[in-house]
Amino acid sequence: MPIAALMDINFDIYQLNISTEIPLADPEFHQPKEVDLLIGASLFWNLLLEGKIQLGKNLPTLHNTHFGYIVTGNVFTNCTASICGLLKVHIPEDEQLRKFWELEEVKVSSILSKDDLECEKQFQNNTFRSKQGQFVVKFPLKYSPTMLGDSKQLAIKRFLSLEKRFSDLEFKKMYFDFIHEYEQLGHMTRVSEEKSNCASNSYFLPHHGVLKDHNITTRLRTVFDGSCPSSSGWSLNDLQFIGPKVQNDITDIMLRFRT
């Protein structure tokens, strides 16, 4: 197979002074064409026959093959472009290298604690979907609600502090709109004063608003503080399982970046 077939330019074949009696493997090797076949080195040397013709000083050489003579070497052209050949070789994995990869592989496995397993068990047993398509979940309680003390007074104190911010009429409107929408969506229901005073093991959830002026869509974010302690020192969050962590540790992040 002539090397000249890999070129994308024409050149004058008569400057090589090739005799017409010499059978060439590709008589039109001086014309650019599509490559029909790439022959690997394992087969190429079996195609060579005895016979080599040197066309002259600084001229290509003819090599005899089973297909005829092939032309190899440099030719003089007016083209100044560089020609680059690409050779792709597949090398099977070396056993030593494969073992090195296995030793260096970082396997991060999540280990769940006893509490994490219990929390997942409660989630699987108590979570269901209502007829309206909503997911219904229960608090993953670790301790009894009887641990709670009085939380109403502190919740009222927090609310009175929130009311002072209602001097900002825009903030007040956004907060009122959120509370009414929260009720309309069924996330909360009104409780009478009598029931709230008689409710046992109840927890009054304080809330406040965080205003972010740079947010275009949602400027107000309402925060419900389940960590606010009752008179007994226990809060609603204290009674619940924390559950497995959903965010990665910095160690896991660094190891994953290293891989």
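Accessible areas were computed by the Shrake-Rupley method with a 1.4 Å probe. On this basis the protein, a predicted model, exposes about 20700 Å², and carbon and sulfur atoms supply 55% of that area. Of its 259 residues, 20% count as buried.

The protein contains seven helices and seven strands. Read from the N terminus, these elements follow one another as α-β-β-β-α-α-β-β-α-α-α-β-β-α. The contacts were also sorted by separation along the chain. Among those between residues at least 6 apart in sequence, 54% join residues at least 24 apart.

Three of the strands form an open sheet in the order β1-β2-β3, and their pairing is antiparallel. The edge positions are held by β1 (48-54) and β3 (68-72). Each of these two has a single partner strand, so one side of each is left without a neighbour in the sheet. Direction ignored, neighbouring strands of this sheet are turned against each other by 25 degrees on average. In general, the strands of a sheet pair through backbone hydrogen bonds, and the pairing may be parallel or antiparallel. Here, β1 and strand β2 (residues 61-65) run antiparallel and are joined by four bridges. Within this part of the sheet, Gln-54 stands opposite Thr-61 in β2.

A further glutamine, Gln-122, belongs to helix α3, which covers residues 114-126. The relative accessible area of Gln-122 is 17%. Because buried means under 20% relative accessible area, Gln-122 counts as buried. Apart from neighbours within four places in sequence, the residues in contact with Gln-122 are Thr-127, Phe-139, Pro-140, Leu-141 and Phe-241.

Conventions
Residues are numbered from 1 along each chain as its sequence is written. This is a predicted model: local features need pLDDT of at least 70, side-chain atom pairs count only at pLDDT 80 or more; totals for chains, interfaces and linings use all residues. Side-chain values use heavy atoms; hydrogens and water are left out. Buried means under 20% relative accessible area, exposed over 50%, partly exposed in between (1.4 Å probe, protein chains only). Contact means heavy atoms within 4.5 Å. Two strands pair if DSSP finds at least two bridges between them. Axes are lines fitted to C-alpha atoms, for helices over the stretch in contact, and angles run from 0 to 180 degrees between N-to-C directions.
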